[in-house]
Amino acid sequence: MNKYEVIYIIDTTMEENARKDLIQKFSDLVVANGGSIEKVDEWGKRRLAYAIDYKVEGYYVLMQFNAGPDVPKELERNLQISENVIRSQVVKLLQKKSSVKPRPVRPAFVAPAVEAPVAPVQEAAVEAPAAPEAAPVEE
């Protein structure tokens, strides 16, 4: 089964009960054809980006579902037949599978600790720095 997403815009002149029935009709259509509904998100009434058939507002509905490859075609056909649906779009969602395999982690090489013999430290006599010699002054 593939994951799909459909968004459709319903005419705002529809009554609320008829709109709920239409949304349920599309959900039932997916289930009747062997799919399963993940989520139906009603965005509500929104302004359209441009006028469609002299309509400037629409009721947006987003539905996510899992189904076989033949279900989206049947859903698109029913969306196009419905007079109350202004626009619709069905999209197959990609399932990301990474083809990059992670590199194995190799432990860093650590040299074994070897204790070197320590030579005794001899204290050297520290001499005070010599004072600079004064240059003879000529008169």
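Helices (H or I, at least four residues) and strands (E, at least two) are DSSP runs, numbered from the N terminus. The model is predicted: local features need pLDDT of at least 70, side-chain atom pairs count only at pLDDT 80 or more, and totals for chains, interfaces and linings use all residues. Residues are numbered from 1 along each chain as its sequence is written, and side-chain values use heavy atoms, with hydrogens and water left out.

View A. E74 and R77 both lie in helix 2, three residues apart, about one turn of the helix. Their side chains meet in a salt bridge at 2.8 Å, N to O. A salt bridge here is a side-chain nitrogen of Lys or Arg within 4 Å of a carboxyl oxygen of Asp or Glu. E74 is partly exposed at 26% relative accessibility, and so is R77 at 42%. Buried means under 20% relative accessible area, exposed over 50%, partly exposed in between (1.4 Å probe, protein chains only).

View B. The whole structure holds four salt bridges. E38 pairs with K3, with the closest N and O atoms 3.4 Å apart. E38 lies in strand 2 and K3 in strand 1, so the pair ties together parts 35 residues apart in sequence. D11 pairs with K55 at 3.3 Å between the closest N and O atoms. This pair links strand 1 to strand 3, 44 residues apart. D11 is buried at 8% relative accessibility; K55 is partly exposed at 27%.

**View C. The two sides of helix 1.** The buried residues are R19, L22, I23, F26, S27, L29 and V30. They cover an arc of only 155° around the axis, which puts them on the same side of helix 1. The arc is that of the directions from the helix axis to the C-beta atoms. On the other side, N17, D21 and A32 are exposed. Just after helix 1, G34 takes a positive phi of about 95°.

**View D. The largest nonpolar core.** Such a core is a set of buried Ala, Val, Leu, Ile, Met, Phe, Trp, Tyr and Cys residues joined through side-chain atoms within 4.5 Å. The largest has 20 residues; V6, Y8, I10, F26, F65, L75 and L79 touch the most other members. Elements giving two or more residues are strand 1 (2–11), helix 1 (16–32), strand 3 (55–67), helix 2 (71–81) and strand 4 (85–92). A second, separate core of five residues includes I9, I52, Y60 and I86.

**View E. Contacts of L79.** Leaving aside neighbours within four places in sequence, L79 is in contact (heavy atoms within 4.5 Å) with V6, Y8, F26, V85, S88 and V90.
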